[in-house]
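User: Could you take a close look at one part of this model for me, the salt bridges, and then show how they sit among the strands and helices around them?

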Amino acid sequence: LISNESDRIKDIYKKRLAGEDVPQIYEAVIRRVNGEPLPVEFNVNLATYHGEITSVVFVRDLTSRKLSEKYLRESEESYKSVFDNASEAIYIQDSNGIFLDVNKAALNMYGYSKSEIVGNTPEMLSAPNKNDLEQVKQRLINAFNGNPQFFGFWGITKNGRVFPKEVSLNKGKYFGKDVVFAMARDI
């Protein structure tokens, strides 16, 4: 039943006739005959019919799209929960080694905020004179080529504590782009 939307459609029709710029498409929830909600999209157009200007309204059922959006939202929430609650530090890096994202364990490990790490490279987290950074870059390249890597790395926290950690690098996808997932554990 769309009786609640008919006034809105009439209002859009009047405003468009008057030359006002009003949205042509909008979403609403109407009720089915059995009372269940039905998400729909209304597309309100002006047309000439038998010499008279009238409105033509297309109604599209959005049930499938809304269900897909719900599943996508739940999937994103699940991913974020697993990512942020993992006990190992996780870093997502692009082909240049730049950190695109890090989880809470990585932030706790180093004492930096996310905004301080994202956009930087492992050099920022490397204890001075403790790591062969050229070898680290080569390991990143190897991981991008599909060859998983495992190695030791000396880190330095924001407050200056130097510590050893184990790092594994694996190729993956992040928002459709090839990345390397680095997982690390303070040893």
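Analyst: Happy to! A salt bridge here is a side-chain nitrogen of Lys or Arg within 4 Å of a carboxyl oxygen of Asp or Glu. Please keep in mind that this is a predicted model. Searching the whole structure gives 15 salt bridges.

Let's begin with Lys158 and Glu116, whose side chains meet in a salt bridge with an N to O distance of 2.9 Å. This pair links distant parts of the chain, the two residues being 42 residues apart. Lys158 belongs to the loop between strand S6 (149-156) and strand S7 (162-174), while Glu116 is in helix H4 (residues 114-117). How accessible are the two ends? Lys158 has a relative accessible area of 47% and is partly exposed. Glu116 is partly exposed as well, with a value of 28%. The cut-offs explain the wording: a residue is buried under 20% and exposed over 50%, so anything in between is called partly exposed.

Next comes Asp178, which takes part in a salt bridge with Lys171 at 4.0 Å, N to O. Asp178 also forms a salt bridge with Lys173, where the closest N and O atoms are 2.8 Å apart. As for accessibility, Asp178 is partly exposed at 36%, and Lys171 is partly exposed at 42%. Lys173 reaches 55%, so it counts as exposed.

Salt bridges can also join up into a network, and here Glu27, Arg65, Lys66 and Glu69 are linked in this way. Strand S1 covers 25-31, and helix H2 covers residues 63-85. Helix H2 packs on the sheet, where it touches S1, S2 and S3.

The sheet itself is open, with three strands in the order S1-S2-S3 and antiparallel pairing. On average, neighbouring strands are turned by 40° against each other, direction ignored. The direction of helix H2 makes about 135° with that of S2.

Strand S2 (residues 37-49) pairs with S3 over 10 bridges in the antiparallel sense. Among the facing residues, Val44 stands opposite Val57 in S3, and Asn43 has Phe58 of S3 as its bridge partner. S2 and S3 form a hairpin with two residues between them, and His50 in the turn has a positive phi of about 50°.

Leu17 lies in helix H1 (residues 3-17), and its relative accessible area of 42% makes it partly exposed.

Methods:
Residues numbered from 1 in each chain as written. Predicted model: local features only at pLDDT ≥ 70, side-chain atom pairs only at ≥ 80, totals over all residues. Heavy atoms only, no water. Pairing = 2+ DSSP bridges. Helix = DSSP H or I, 4+ residues; strand = E, 2+ residues; numbered from the N terminus. Axes fitted to C-alpha atoms, helices over the stretch in contact; angles between N-to-C directions. Contact = heavy atoms within 4.5 Å. Buried < 20%, exposed > 50% of the residue type's maximum accessible area, 1.4 Å probe, protein only.
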